[in-house]
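This report describes the fold, the packing and the annotated positions of one protein chain. The sequence and the model are shown first.

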Amino acid sequence: MTINPTLGRDPALAQVGVTPSPLALLLLGRGSDPASERGVDCPGELPPAADPTLAARAAAAKTALGDRVFILGHHYQRDEVIAFADVTGDSFKLAQQAAARPQAEAIVFCGVHFMAESADILTGAHQRVILPDLAAGCSMADMATAEQVEQAWDDLLDAGVAADTVPVSYMNSSAAIKAFTGRHDGTICTSSNARRALEWAFGERGGARVLFLPDQHLGRNTAVGELGMTEADCVVYDPHRPGGGLTHRQLREAKMILWRGHCSVHGRFTRDSVDEVRARIPGITVLAHPECRREVVTAADLVGSTEYIISVVDAAPAGSAFAIGTELNLVQRLAKRHPDKTIVFLDRTVCFCSTMNRIDMPHLVWTLESLVRGETVNQIAVDRDVATFARKALDQMLALP
C-alpha cells in the first residue's frame, strides 16, 4: 500500500470538515491487485502522474480530435478530469448525452464500468465507448453477478413466487443484470425515479413483490420511506447463503426482496455521523443520498439523488450550512463553488470513491493521445444479445411517466 503523507494537510479536505484517519491516508485510486482486478495493465506507457504538462497535453489532444470525441465526466470524478468533460452529470444523464451525440466517433466515459456499458447500449454501432482505466469498476455493481441473480430466480421459482415477482434493477448494475431484468419484463431505475419504478412494478405491471437489485438501501428507503411499507415487508437475499438465507415462507410474504448489496461510499455513513455533525455545527442541514443506510436517511433533513443534492445546494441562500452524505469529490467541488456557504462532508474521515478515482490525468491523456494516433484503447463493447434485453429494461424506464 502507498501512503500519501500530504493528504492530511490538504486544505480542500479541511474546507469540508474532513480529518483523515491513518487508514484514510491511503492514496485512493492508486495501487492494484492484478490477481483480482480486471484491466489493471494498459497496453502502452502511461504518462507519469507528476508530468506538469498533462493538462496541456490533454487540451492539445482534445483540440486535435474536435467533434470526433465527446468526453463525459461523472460528478464523482476528480476536478482535473472534470475540467476536460464536455458534459457532467450522473450515470444515466451521461449515457443519454452520449446517445444524443451521434456525430462523435469516440465517447470517452470518465466514470466506471457499468456506466460505459450503458453508454454503449444506448449509442450507435458506429460509435466507440472508451473507459480510460478498465479497473474503474463499481463495488456495488460487482455485488450482483449474472450467475448469482439467475440462482436467485431459481430460488424464487422453487418457492413458487417467481411468476408474480418483478425485477427492478438500479442503474448501478452491470449490463448482464440489466439484461436479466429485461428478459423478465422488469425495469431499470435511478435514484431519482425509484419510487415511480416501484409504483409501476406493483401497479401497471401487477407484481405481488419486487426483486430489487443490487442496492438494498435504495430499495428499502424507497419502499419504506416513500411508499409506506414496513420493515417487515422487506427481506434481504444474501447470494452467499443457500436459498439467499430465506425460507419459502419469507419469500412468499415479502413485498420487497432486497439484494444484499450496497455502495461502499454511501454505506459508510452512520447515525453517529449525523449526530456528530449536528453537535459540531448547530443548525446545519443534513443532506443525504438515498444509497445511505436507513438510519442515516431517517435522521437527515433532506434526501435525494446526486442531481438533487447539487440543485439544493446551488439554490440555497448565502450563509446556508450543509453536511452532505455523498462522495467527497462532489462535496469538495460544491464547497469551492459556494464559498459563501458552509459545506462539509458528513463523515470526519476521507471517503472518495476509489474506483472513480482510477480515472486520472495520466489515463485520460493516454486515451486521448491514442485516439489522435488512430488507436482505440479500452473499448467497452456489450454483447449484442445482452444489449438487446438490457435496452428493453432501459426503454421501460424511459417509458415511465
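## Helix 9 and its surroundings

The buried residues of helix 9 pack against strand 5, helix 8 (194-202), strand 7 (209-213), strand 8, strand 9 and helix 12 (294-299). Helices (H or I, at least four residues) and strands (E, at least two) are DSSP runs, numbered from the N terminus. Helix 9 (residues 216-225) is mostly covered, with 9 of its 10 residues buried; buried means under 20% relative accessible area, exposed over 50%, and partly exposed in between (1.4 Å probe, protein chains only). The buried residues are Q216, H217, L218, G219, R220, N221, T222, A223 and V224.

## Basis of the values

This is a predicted model in which local features need pLDDT of at least 70 and side-chain atom pairs count only at pLDDT 80 or more, while totals for chains, interfaces and linings use all residues. Residues are numbered from 1 along each chain as its sequence is written, and side-chain values use heavy atoms, with hydrogens and water left out.

## The chain as a whole

The secondary structure of the protein chain comes to 16 helices and 14 strands. Of its 401 residues, 57% are buried. Among contacts (heavy atoms within 4.5 Å) with a separation of 6 or more, 67% join residues 24 or more positions apart. The accessible surface comes to about 16,300 Å², and carbon and sulfur atoms hold 51% of that surface; the areas come from the Shrake-Rupley method with a 1.4 Å probe, and for residues only the protein chains shown count as cover.

## Nonpolar cores

A nonpolar core is a set of buried Ala, Val, Leu, Ile, Met, Phe, Trp, Tyr and Cys residues joined through side-chain atoms within 4.5 Å. The largest has 108 residues, of which F212, M256, I324 and L368 touch the most other members. Helix 5 (residues 113-122) gives the most to this core, with 6 residues. A second, separate core of 19 residues includes L156, L213, A254 and I257.

Not counting residues up to four places away in sequence, M256 touches L198, F202, V210, F212, G219, A223, M229, D233, C234 and V235.

## Strands 8 and 9

Strand 8 (residues 234-237) pairs with strand 9 (residues 256-259) in the parallel sense over 4 bridges; two strands pair if DSSP finds at least two bridges between them. Y237 stands opposite W259 in strand 9.

Together with helix 10 (residues 248-253), strands 8 and 9 make a right-handed β-α-β unit. A crossover is right-handed if, with the strands pointing away from the viewer, the path from the first strand over the helix to the second runs clockwise.

## Annotated positions

Under "binding site", an unreviewed UniProt entry lists H74, S91, Y170, M171, N172, S191, H289, P290, E291 and T306. The positions are given in the numbering used here, feature names are shortened, and annotations may be inferred rather than shown by experiment.

S91 lies in helix 4 (residues 91-99) and is buried, at 9% relative accessible area. Leaving aside neighbours within four places in sequence, S91 is in contact with H74, F109, F114, M115, M171 and N172. M171 sits in the loop between strand 5 (165-170) and helix 7 (175-183) and has a relative accessible area of 1%, so M171 counts as buried. With the sequence neighbours within four places again left out, contacts of M171 include S91, F92, F114, S118 and L394.

M361 is found in helix 15 (residues 361-372) and is buried, at 9% relative accessibility. The C-alpha atoms of M361 and V81 are separated by 6.3 Å, although the two residues are 280 residues apart along the chain. Apart from neighbours within four places in sequence, M361 is in contact with L54, A55, A58, E80, V81 and F84.
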